[in-house]
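Work through the exercises below with the model open beside you, and try each task before you read its solution.

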Amino acid sequence: MELTETTPAMATLRAALAEGVAEWRPRVQAMAHEIHASKEVSFEEVRSSEAAAALLADGGFEVEHGTGGLSTAFTASAGSGELTVALCVEYDALPDIGHACGHNLIAGASVAAALALRPHVDQLGITLKAIGTPAEEHGGGKSLLLERGAFDGVGLALMVHPVQDGVTYNPAGTSAQAVGRYKATFTGKAAHAAAAPHLAVNAADAAVLSQVAVGLLRQQIPGDHRVALYVAEAGHATNIIPERAVVEFECRAFTLGEYEALLERVRRCFEGAALATGTTLTVEATEPLYEPLLQDNALAAHWTEAMDAFGKDTSPSAGITGGSTDMGNISQVIPTLHPWLSIPGADVAIHSHAFAAVADSPEAYGVMFEAATALTWTIAAAAASPTERARFIKAAYRRRTFTQEGTS
């Protein structure tokens, strides 16, 4: 029987996919728990990436380690269909507070979905890739993998992201901010703080002035813009006037144009502090730019329909949300789904110790497996729709290459 979005064959496939998720549930939950306990930060996710890759290998995937030259990245592949689908597997933790962003749940949902889909890739006519994407919190792992070919040929990319309770499961109209992170270094001249302070050029003063200037600027930027900073270095002894100070900062906005304008205003705060104190200033990026997140409407509709089957709140979103993700970089060039996974009873903020505890709870793992099933149904629906399938095949990502003759 032909497989389309509404045929009995699709209903049978959806049931089989749900059964596949259930079959792998014990091992996937053990993997997610192991990742949660490992608390490995960006680019150091050795145990976490190996746990995910090993489970996918056991499920029949061919696994390539070290994708894109990143030691904790991997690509697990199955099938040979014309439509290539990528499930992103995140597993990095935050410094000090561990999995306070629930990346163990992201990994679990994507791995469970991939394992359940594996026996059906030929029926769906897809090439399925589960891509281990390190360093989302800091480092822009997906941006690096995109540049280095890991997403070449991919026509749609998907993952989920846990959040606190009360957030709608309908991702349509939601987004995430662009973010750029930088290091501002002030260089002055050291001198004895008591014997010869008049001979010094105080770099710490420049750091203080830059903080004051940015603080005053916050009053006059749009409400959905964000600037955050901290002083990383500003002296080492009370009797030495600091000759070097370092301030790390980030800027966020929902469009690249707004982000660039905000960054320019913040840079002027640092330049003004340098001018006032007589220090010199250098500003350098510390990570790749995270671009705004774009949700694919068709994928969002399939996901919402799946979540309706689980009785979730799929009311229209109030709009775009804060925060940033390197999945934004993927979404700028590949049709993408990045829905929010509301954990029942989680009335605490993400990036907190309390949320790290919630991310390893039975409630969190329950919605993780619902999300895994919804991901499989979303992919099946997209692959079975002739119109959408053609669009996604046409959208397959192709990097621009540069030759002596120009761009190809």
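**Exercise 1.** Does Cys-269 count as buried or exposed, and at what relative accessibility?

Solution. The model is a predicted one, and the value to look up is the relative accessibility of Cys-269, which is 11%. Buried means under 20% relative accessible area, so Cys-269 counts as buried.

**Exercise 2.** Find how many disulfides a search of the whole structure gives, and explain the result for Cys-251 and Cys-269.

Solution. Begin with the bond itself: a disulfide is a covalent bond between the sulfur atoms of two cysteines. The search of the whole structure finds zero disulfides. Cys-251 is in no disulfide, and its nearest cysteine sulfur, that of Cys-269, is 9.3 Å away. A disulfide requires the two sulfur atoms to be within 2.5 Å, so the 9.3 Å from the sulfur of Cys-269 to that of Cys-251 is too far for a bond. Cys-251 is also buried, with a relative accessible area of 0%.

**Exercise 3.** Which residues make the nonpolar surface patch of about 270 Å²?

Solution. The patch is made by Val-208, Val-212 and Leu-216. Leu-216 lies in helix α6, which covers residues 203-217, and Leu-216 is exposed, with a relative accessible area of 56%.

Conventions
Residues are numbered from 1 along each chain as its sequence is written. This is a predicted model: local features need pLDDT of at least 70, side-chain atom pairs count only at pLDDT 80 or more; totals for chains, interfaces and linings use all residues. Side-chain values use heavy atoms; hydrogens and water are left out. Patches are made of residues with over 30% relative accessible area and no salt bridge: like charges are joined within 9 Å, nonpolar side chains (Val, Leu, Ile, Met, Phe, Trp, Tyr) within 5 Å. Accessible areas come from the Shrake-Rupley method with a 1.4 Å probe; for residues, only the protein chains shown count as cover. A salt bridge is a side-chain nitrogen of Lys or Arg within 4 Å of a carboxyl oxygen of Asp or Glu. Helices (H or I, at least four residues) and strands (E, at least two) are DSSP runs, numbered from the N terminus. Buried means under 20% relative accessible area, exposed over 50%, partly exposed in between (1.4 Å probe, protein chains only).
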